[in-house]
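Please work through each task before reading its solution.

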Amino acid sequence: MRLVPLLELRGLSVRLPAEPVPVHALRGLDLELLPGERLALVGESGSGKSTVLLAIAGLLPDEAEITGGRRFPALGREPTPGRDLGLVLQDPFASLDPVLSVGEQIGEVLVAHRGARWAEARRAAVVLLGRVGIAEPEARVDDPPHRFSGGQRQRIAIAMAIAAGPRLLLADEPTSALDTVVQAQILDLLDGLVREQGTALLLVTHDLAVASRIADRIAVLYAGRLVESGPAFRLLRSPRHPYTRALLAIARALEAGGGEPLAAIPGAPPEPGAELPGCSFAPRCPLASARCAEERPAWRGHPRDGVACHLVGS
Amino acid sequence: MSVPPPLLEVEGLTKRWPGTTAAAVADVSLAVASGERVALVGASGSGKTTLARLILRLIEPDRGSIRFAGRDLLALRGEALRRVRADLQLVFQDPLAALDPRRRVGAQVADPLRAHGLVPRTGRSAAVTALFERVGLDPALARRYPHELSGGQRQRVAIARALASRPRLLVLDEPVAQLDVSVKAQILDLLERLRREEGLAWLLITHDLGAARAASDRILVMAEGRIVEEGPTAAVLAAPRAPATRALVAAELRLPPPPERPDQPLTAPSVSPRTM
């Protein structure tokens with residue numbers, strides 16, 4: 001029996017008006033997420049990874065031109081942000097109101113989406129603060145966000161995002177503003193919460209090490225297209241796409257040390273408005289042939305475990 | 001002994017912020033030799049940023065001494081301090097905050113050339129072009145404003161500006177923390193190339209053990225305002241002793257080990273190549 005996906009993106013393209021040329025942020029993205037699955041979408045600045053999250057949450061600006069579709073088959077209806085979808089951003093200040101107490105902000109989610117009364121909502125907020133690891137939550141529930149450290153604020157933002165028990169949690173670089181020790185704690189917290197609740201997680205990051213800590217499956221995005229996706233253990237052990245291989249080689253060199261140059265990928269991703277006929281990575285790929293520059297590689301393999309590269313056999 | 005004096009020598013440096021009980025930096029001593037790569041690591045709040053600001057004399061210590069190239073930095077004033085500052089440059093974590101948003105980046109790279117009187121007015125444009133090329137930037141980008149550049153390009157501009165006065169020591173404050181992994185590798189490789197070419201030394205302040213491994217030979221670990229462990233970077237990170245070092249190493253996100261026999265490398269098309 002095939003599981004009904006929670007989320008399905010089919011040929012999703014997003015073009016955002018910009019000067020001097022529109023930004024083609026996503027260029028025909030197919031992606032599927034099963035209930036309870038934890039997927040990391042890995043890409044660098046400008047790859048379109050944050051646009052994917054905004055598109056899923058229905059938060060793209062009105063002037064965005066969107067083609068292709070997003071569906072929520074397991075939900076059977078359009079999701080309500082806050083209730084069906086939780087959102088955690090890189091900067092917790094972006095999701096927290098500086099004036100209201102953290103208890104009011106968490107409580108508001110429960111009042112709005114779960115029909116709670118304020119007295120219950122406040123009690124539930126105390127429980128949620130405890131679950132995300134805030135010590136002495138009864139004493140802290142009436143404090144405003146600035147009384148908390150950066151790591152604690154991210155915990156509070158996570159409490160808000162999970163308060164209504166969403167089916168899907170979207171997280172955009174949730175730990176990249178935090179130091180190493182706090183980063184690991186927040187990833188472990190997210191990991192524990194989504195496992196307990198059976199929540200699906202779509203985590204966007206530029207860092208394969210972050211992805212490897214939390215994801216069942218990893219999808220690699222480059223210049224608005226998927227270049228590879230697969231189970232985390234497969235992709236991290238035997239990456240197929242030259243871009244995935246290069247990213248992993250850098251990450252492993254940073255882990256190993258030893259003073260060798262890091263074999264950085266030369267050059268930069270294409271300008272966001274550029275239209276390349278072939279593979280977008282070809283200009284930086286050490287293995288590219290003339291074909292790579294001329295002809296766009298088709299997806300090879302399974303939709304959930306495959307690669308878009310002329311050099312890889314299917 | 002005929003050992004040359006260290007380039008930077010800090011002794012007993014202490015700074016307590018008003019209204020706090022524990023010192024942010026407590027009796028810290030360290031040295032950086034010419035051409036040496038030293039990392040200063042620690043969690044948020046360990047005091048590493050305060051220490052960097054003390055060394056750069058952006059804030060004044062309560063106690064202690066800082067010697068740079070044999071001179072007492074805390075006693076220097078006016079022109080003498082300005083001349084030492086040319087030798088001691090800072091690269092920030094966030095180049096967008098360090099660069100003036102209203103001025104073209106080329107003009108900002110030229111600022112130290114003017115301030116330190118290093119290049120006559122007529123030669124400045126050529127000197128800026130040369131600096132851009134040294135850090136791997138297209139000189140045509142000199143006419144852009146900071147927001148018109150990518151994060152990696154902005155950090156290259158900040159490095160070019162720091163190099164303009166031909167410094168001997170760079171204080172690198174989380175120079176790659178906000179960059180993508182691929183851009184991070186480019187910037188770390190660039191810094192290493194420049195160090196070899198220019199004989200630079202640096203003090204790299206970071207919480208990122210990967211950056212410390214790639215860009216330091218010796219490591220200092222800070223916790224609660226003190227240096228709690230020190231030694232060769234590879235040895236300290238392989239067998240950490242101090243609890244703070246152990247916590248940093250334990251928290252580092254690591255990839256699963258690679259397979260023992262890696263896949264065949266991709267060297268040629270494994271599907272039939274199209275005849276061209």
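**Exercise 1.** Identify which residues of α10(A) meet which residues of α7(B), and classify the packing of the two helices.

*Solution.* Step 1: Leu247(A), Ile250(A) and Ala251(A) of α10(A) meet Val181(B), Ser182(B) and Ala185(B) of α7(B). Contact requires that C-beta atoms, placed from the backbone, lie within 7 Å. Helices (H or I, at least four residues) and strands (E, at least two) are DSSP runs, numbered from the N terminus.

Step 1: By class, this contact of α10(A) with α7(B) has 5 nonpolar, 1 polar and no charged residues. Nonpolar covers Ala, Val, Leu, Ile, Met, Phe, Trp, Tyr, Cys and Pro; charged covers Asp, Glu, Lys and Arg; the others, Gly among them, are polar.

Step 2: The model is predicted; local features need pLDDT of at least 70 and side-chain atom pairs pLDDT 80 or more, while totals for chains, interfaces and linings use all residues. Residues are numbered from 1 along each chain as its sequence is written, and chains are lettered from A and ligands numbered from 1 in the order in which they are written.

Step 3: Helix α10 (residues 242-256) of chain A and helix α7 (residues 181-198) of chain B pack at about 55 degrees, with axes 10 Å apart. Axes are lines fitted to C-alpha atoms, for helices over the stretch in contact, and angles run from 0 to 180 degrees between N-to-C directions. The helices are therefore oblique to each other; angles under 35 degrees count as roughly parallel, over 145 as roughly antiparallel, 65 to 115 as roughly perpendicular and the rest as oblique.

**Exercise 2.** Describe how α6(B) packs against α7(B).

*Solution.* Step 1: The angle between helix α6 (residues 151-163) of chain B and α7(B) is about 15 degrees, and their axes are 10 Å apart. That makes α6(B) roughly parallel to α7(B).

Step 1: Gly151(B), Gly152(B), Gln155(B), Ile159(B) and Leu163(B) of α6(B) make the contact with Val183(B), Gln186(B), Ile187(B), Leu190(B) and Leu194(B) of α7(B). These residues divide into 6 nonpolar, 4 polar and no charged.

**Exercise 3.** State how many residues of chain B are in contact with chain A, and which element gives the largest share.

*Solution.* Step 1: On chain B, 37 residues are in contact with 38 residues of chain A.

Step 1: The largest share of this side of chain B, 7 residues, comes from α7(B).

Step 2: By class, the side of chain B that touches chain A has 19 nonpolar, 9 polar and 9 charged residues.
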